[in-house]
Amino acid sequence: MMTEQWQSKDGLVAVGDMTPDHLLLPHYIITNISDPQGRGNANLLIDHTNKKIILEEIEVEAQYRGMKLGSRLLAQVCWLADSLVFTVVLVPVCLDVPHKGLSLEQLECWYERYGFSLQEDYEDGYPYRRLPQ
């Protein structure tokens with residue numbers, strides 16, 4: 001197990017353990033960015049070979065939604081990608097609309113506010129991407 005930590009500027013979010021999984025994903029590091037109080041997290045795959053971060057999901061506990069925690073987690077993902085000069089890719093997926101989650105349209109607009117754009121042609125299975133800034 002390899003552990004690296006980055007401290008966010010606002011002190012509310014920290015990157016957790018980074019564990020290479022050589023059996024399943026040979027050139028990926030599986031990690032997450034978590035709220036220290038356990039209210040939410042962002043699950044990531046860091047692909048050093050292709051210089052990209054795959055944002056698998058951002059999950060915020062239902063009772064903490066609407067408090068900008070998801071936005072802080074996404075901002076931290078973007079900060080990490082910019083620090084590494086990596087692209088972030090994702091597929092927007094609504095998992096919990098009945099419990100105050102965002103609709104697909106709201107989710108796409110939210111990602112676009114953070115610099116993500118929908119790609120016309122994509123071969124890697126990830127239609128949204130954000131280039132390092």
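## The hairpin of β4 and β5

In the hairpin formed by β4 and β5, five residues lie between the strands, and G38 takes a positive phi near 75°. The model described here is a predicted one. Strand β4 covers residues 28–34 and pairs with β5 in the antiparallel sense over seven bridges. Within this pairing, I30 has L45 of β5 as its bridge partner.

Strand β5 spans residues 40–47, and six of its eight residues are buried, so the strand is largely enclosed by the rest of the structure.

β5 also runs antiparallel to β6, to which it is joined by eight bridges. In β6, V60 stands opposite G40. These two strands form a hairpin as well, with four residues between them. In its turn, K51 has a positive phi of about 55°.

## Helix α2

Helix α2 comprises residues 104–113, with L107, W110 and Y111 buried. Seen down the axis of α2, the buried residues fall within an arc of 95°, so they line one face of the helix. An α-helix has 3.6 residues a turn, so residues three or four places apart point the same way. On the other side of α2, E105 and R113 are exposed.

After α2 comes G115, which has a positive phi near 95°.

Note on methods:
Residues numbered from 1 in each chain as written. Predicted model: local features only at pLDDT ≥ 70, side-chain atom pairs only at ≥ 80, totals over all residues. Heavy atoms only, no water. Buried < 20%, exposed > 50% of the residue type's maximum accessible area, 1.4 Å probe, protein only. Arc of directions from axis to C-beta. Pairing = 2+ DSSP bridges.
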